[in-house]
Amino acid sequence: VVTDPHGVVLDINPAFSEITGYAANEIIGRRLNVLSSGRHDREFYRAMWNDLRTKGGWSGDIYNIRKNGEEFIERLTITTSYNEDGAVENYIGLFTDVTRLRQREAVIWRQAHYDHLTQLPNRQMFQENLLCAIEESRRREKVFALVFLDLDFFKEVNDTFGHDEGDELLRQVAA
């Protein structure tokens with residue numbers, strides 16, 4: 001997508017239409033905020049425009065909305081094109097739909113940090129959360145308490161009623 005210095009769309013390529021659902025005649029002459037998902041606050045856009053003005057470019061993930069209302073995540077890189085006198089002529093945005101990739105990454109991250117049965121943080125995540133909680137209690141000068149819960153005779157539950165019942169007991173205790 002190519003915009004003027006004010007962010008008004010001047011041109012798009014067919015991939016833009018394929019990803020967003022907007023045809024050229026529906027988007028040219030409009031600002032790209034028509035794609036805004038509402039997930040990003042003013043500060044996000046303020047920082048992006050500041051980078052464009054001061055560094056001449058910006059790159060990152062952004063949540064947007066297709067014409068059909070479906071949210072998607074794009075990996076966006078914006079480059080500034082300047083006139084001979086140094087004034088901004090255009091902004092050129094290159095993006096790709098990374099929705100599925102980010103969703104897969106989120107699943108992998110969750111599997112790596114949470115127990116699949118109880119949905120509780122695993123040992124690594126628990127330790128990270130515990131250290132953060134201890135540090136926050138120190139910083140705020142608040143009392144900190146940790147409760148340890150042990151299930152006595154859990155092996156007997158599994159041996160007597162089977163692993164499915166033991167799993168259900170763990171789910172209920174976790175809840």
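Let's start with charged pairs. This is a predicted model, and a count of its salt bridges comes to 13. We'll stop at a few of them.

**Stop 1: Glu26 and Lys67**

Select Glu26 and Lys67 and show their side chains. They form a salt bridge, and the closest N and O atoms are 2.3 Å apart. Now look at where each partner sits: Glu26 is in helix H2 (residues 24–27), while Lys67 is in the loop between S3 and S4. This pair links distant parts of the chain, 41 residues apart.

**Stop 2: Glu43 and Arg46**

Next, pick Glu43 and Arg46. Their side chains meet in a salt bridge as well, at 3.0 Å from N to O. How far apart are the two along helix H3? They are 3 residues apart, which means about one helical turn separates them. Glu43 has a relative accessible area of 45%, so call it partly exposed.

**Stop 3**

Now select Arg75 and Asp61. Here the closest N and O atoms of the salt bridge are 3.3 Å apart. Arg75 lies in strand S4 and Asp61 in strand S3, so this pair ties together parts that are 14 residues apart in sequence. With 34% relative accessibility, Arg75 counts as partly exposed, and Asp61, at 25%, does too.

**Stop 4: the nonpolar core**

Time to go inside. In soluble globular proteins, nonpolar side chains tend to be buried together. The largest nonpolar core here has 17 residues.

Which helices and strands each supply at least two of the core's residues? Colour these to see: helix H1 (14–20), helix H3 (42–55), strand S3 (57–65), strand S4 (71–82) and strand S5 (88–97). S4 gives the most, with 3 residues.

Zoom in on Leu52 for a moment. Setting aside neighbours within four places in sequence, Leu52 is in contact with Gly57, Trp58, Ile78, Thr80, Tyr82 and Tyr91.

**Stop 5: along helix H5**

Select Arg140, which lies in helix H5 (residues 123–140). Its relative accessibility is 55%, so Arg140 counts as exposed. Arg140 and Met125 are 15 residues apart in sequence and 22 Å apart in space.

**Stop 6: two helices that meet**

Last stop: show helix H6 (residues 154–161) and helix H7 (residues 163–174). Two packed helices are described by the angle between their axes and the distance between the axes. The axes of H6 and H7 come within 6 Å and cross at roughly 140 degrees. That angle makes H6 oblique to H7.

Which residues make the contact? On the H6 side, select Phe154, Val157, Asn158 and Phe161. On the H7 side, select His163, Glu165, Gly166, Leu169 and Leu170. Colour them by class, and the contact of H6 with H7 shows 5 nonpolar, 3 polar and 1 charged residues.

How values were computed. Residues are numbered from 1 along each chain as its sequence is written. This is a predicted model: local features need pLDDT of at least 70, side-chain atom pairs count only at pLDDT 80 or more; totals for chains, interfaces and linings use all residues. Side-chain values use heavy atoms; hydrogens and water are left out. Axes are lines fitted to C-alpha atoms, for helices over the stretch in contact, and angles run from 0 to 180 degrees between N-to-C directions. Helices (H or I, at least four residues) and strands (E, at least two) are DSSP runs, numbered from the N terminus. Angles under 35 degrees count as roughly parallel, over 145 as roughly antiparallel, 65 to 115 as roughly perpendicular and the rest as oblique. Contact means heavy atoms within 4.5 Å. Ala, Val, Leu, Ile, Met, Phe, Trp, Tyr, Cys and Pro count as nonpolar, Asp, Glu, Lys and Arg as charged, and the others, Gly among them, as polar. A nonpolar core is a set of buried Ala, Val, Leu, Ile, Met, Phe, Trp, Tyr and Cys residues joined through side-chain atoms within 4.5 Å. Buried means under 20% relative accessible area, exposed over 50%, partly exposed in between (1.4 Å probe, protein chains only). A salt bridge is a side-chain nitrogen of Lys or Arg within 4 Å of a carboxyl oxygen of Asp or Glu.
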